[in-house]
Amino acid sequence: MKRKKNTLTKMEFQVMNVLWDINQSATTWDILERMGEPRPAYTTVATYLKVLREKGFVDYFKLEGEGKTHRYVARVTRAEYTRQAMQEVRTNLFGGSIKKMLCFFVEEEHLTAEEIQLLLDLSSDD
């Protein structure tokens, strides 16, 4: 099965989360040292960064005096990716219906009365 260009694998998402948390340009080493255990190999992270660049999620540049070191920056914010991913979930799993999606979460996640009230309050804000 071929992956869509605009979706992230689990590992790509982990790399992006680190880059989003850093919130500035970062080297492969910067990203690697912030990843949880067990840490992947340097070359693994470098490969994921290359794939993320090809997918358009990151870009890179070099600073004078840093030799061959690439500094990576996110081209897509966490909010932009979340918005796009949730839109796909809503479209693909719930026929585009926000009501069906919310009902699913209310039923499947066993929301408390307080959480349901929060949803009701949010839905009535204009």
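A residue is called buried when its relative accessible area is under 20%, exposed when that area is over 50%, and partly exposed in between, using a 1.4 Å probe and protein chains only. By this rule T27, at 11% relative accessibility, counts as buried. The structure is a predicted model, in which local features need pLDDT of at least 70 and side-chain atom pairs count only at pLDDT 80 or more, while totals for chains, interfaces and linings use all residues. Residues are numbered from 1 along each chain as its sequence is written, and side-chain values use heavy atoms, with hydrogens and water left out.

**Helices and the nonpolar core**

Helices here are DSSP runs of H or I with at least four residues, strands are runs of E with at least two, and both are numbered from the N terminus. A nonpolar core is a set of buried Ala, Val, Leu, Ile, Met, Phe, Trp, Tyr and Cys residues joined through side-chain atoms within 4.5 Å. The largest such core has 20 residues, and those that touch the most other members are L8, M16, I31, M35, L49, L52 and F57. At least two residues of this core come from each of α1 (10–22), α2 (28–33) and α3 (42–55), and α1 gives the most, with seven residues. In soluble globular proteins, nonpolar side chains tend to be buried together.

Helix α4 covers residues 78–94, and its 17 residues should span 24 Å at 1.5 Å a residue, which agrees with the 23 Å between its end C-alpha atoms; the expected span is 1.5 Å times one less than the number of residues. Y81, E88 and F94 are buried in α4. These three cover an arc of only 165 degrees around the axis, which puts them on the same side of α4, the arc being that of the directions from the helix axis to the C-beta atoms.

**Loops and backbone**

The loop between α1 and α2 holds T27 and also N23. The C-alpha atoms of T27 and F61 are separated by 10.0 Å, although these residues are 34 residues apart along the chain. Most residues other than glycine have a negative phi, and most peptide bonds are trans. Against that background, a cis peptide bond joins E37 and P38, with omega about -5 degrees, and P38 lies in the loop between α2 and α3.

**The largest pocket**

On a 1 Å grid over the protein atoms alone, a pocket is an open set of points where a 1.4 Å probe fits, with protein on both sides within 12 Å along at least five of seven lines, and its lining residues have an atom within 4 Å of a point. The largest pocket has a volume of about 160 Å³, a volume being the space filled by probe spheres set on the grid points, which are joined across faces, edges and corners. Its lining consists of K99, L102, C103, V106, I116, L119, L120, L122 and S123. Both α5 (98–108) and α6 (113–124) supply at least two of the lining residues, and α6 gives the most, with five.
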